[in-house]
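Student: Please take a close look at one part of this model for me. I am new to this structure, and I would like the salt bridge explained in its setting.

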Amino acid sequence: TTPTLVLGAMPDPTVPSHDAEQRGQAIHGAELTVLSGGHFPPTTQTDLYTSRLRAFLETPVPATSSLPS
């Protein structure tokens with residue numbers, strides 16, 4: 001129920017992009033983004049990485065209450 005963003009990179013020999021794809025599919029409602037540029041997209045794709053992360057973090061989350069009514 002928690003909004004989730006899965007970020008992956010390709011080509012990435014350390015954490016292959018198919019691992020990110022599998023995680024994205026395993027988490028109900030997750031958003032998946034796979035960037036190019038290798039293992040560390042915050043450095044190799046800084047602008048794209050930052051804009052995707054910022055867009056996700058700035059998306060309003062509908063309020064839900066776990067309190068009994």
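Tutor: Arg-52 and Glu-31 form a salt bridge, and their closest N and O atoms lie 2.4 Å apart. The term means a side-chain nitrogen of Lys or Arg within 4 Å of a carboxyl oxygen of Asp or Glu. By this rule the count comes to 1 salt bridge. The pair links distant parts of the chain: Arg-52 sits in helix α3 (residues 46-58), Glu-31 in strand β2 (residues 31-36), and 21 residues separate them. Helices (H or I, at least four residues) and strands (E, at least two) are DSSP runs, numbered from the N terminus. Glu-31 is partly exposed, at a relative accessible area of 34%. Here buried means under 20% relative accessible area, exposed over 50%, and partly exposed in between (1.4 Å probe, protein chains only).

A word on the source. This is a predicted model, where local features need pLDDT of at least 70 and side-chain atom pairs count only at pLDDT 80 or more, while totals for chains, interfaces and linings use all residues. Residues are numbered from 1 along each chain as its sequence is written, and side-chain values use heavy atoms, with hydrogens and water left out.

Now follow strand β2. Strand β1 (residues 5-10) runs parallel to β2, joined to it by 6 bridges. Two strands pair if DSSP finds at least two bridges between them. Leu-7 stands opposite Thr-33 in β2. From β1 the chain passes through helix α1 (residues 17-26) to β2, in a right-handed β-α-β crossover. Right-handed means that, with the strands pointing away from the viewer, the path from the first strand over the helix to the second runs clockwise.

Helix α1 holds Gln-22. Gln-22 is partly exposed too, at 48% relative accessibility. Gln-22 and Thr-44 are 22 residues apart in sequence, and their C-alpha atoms are 23 Å apart in space.

Step back to the whole protein. There are 3 helices and 2 strands. Along the sequence they follow the pattern β-α-β-α-α. Of the 69 residues, 22% count as buried. The C-alpha trace spans about 50 × 25 × 10 Å along its principal axes.

Last, confidence. The predictor's confidence in each residue is its pLDDT, from 0 to 100. The protein averages 86, and 91% of the residues score at least 70. Among the elements, helix α3 has the highest mean pLDDT (94), and helix α2 (residues 41-44) the lowest (88).
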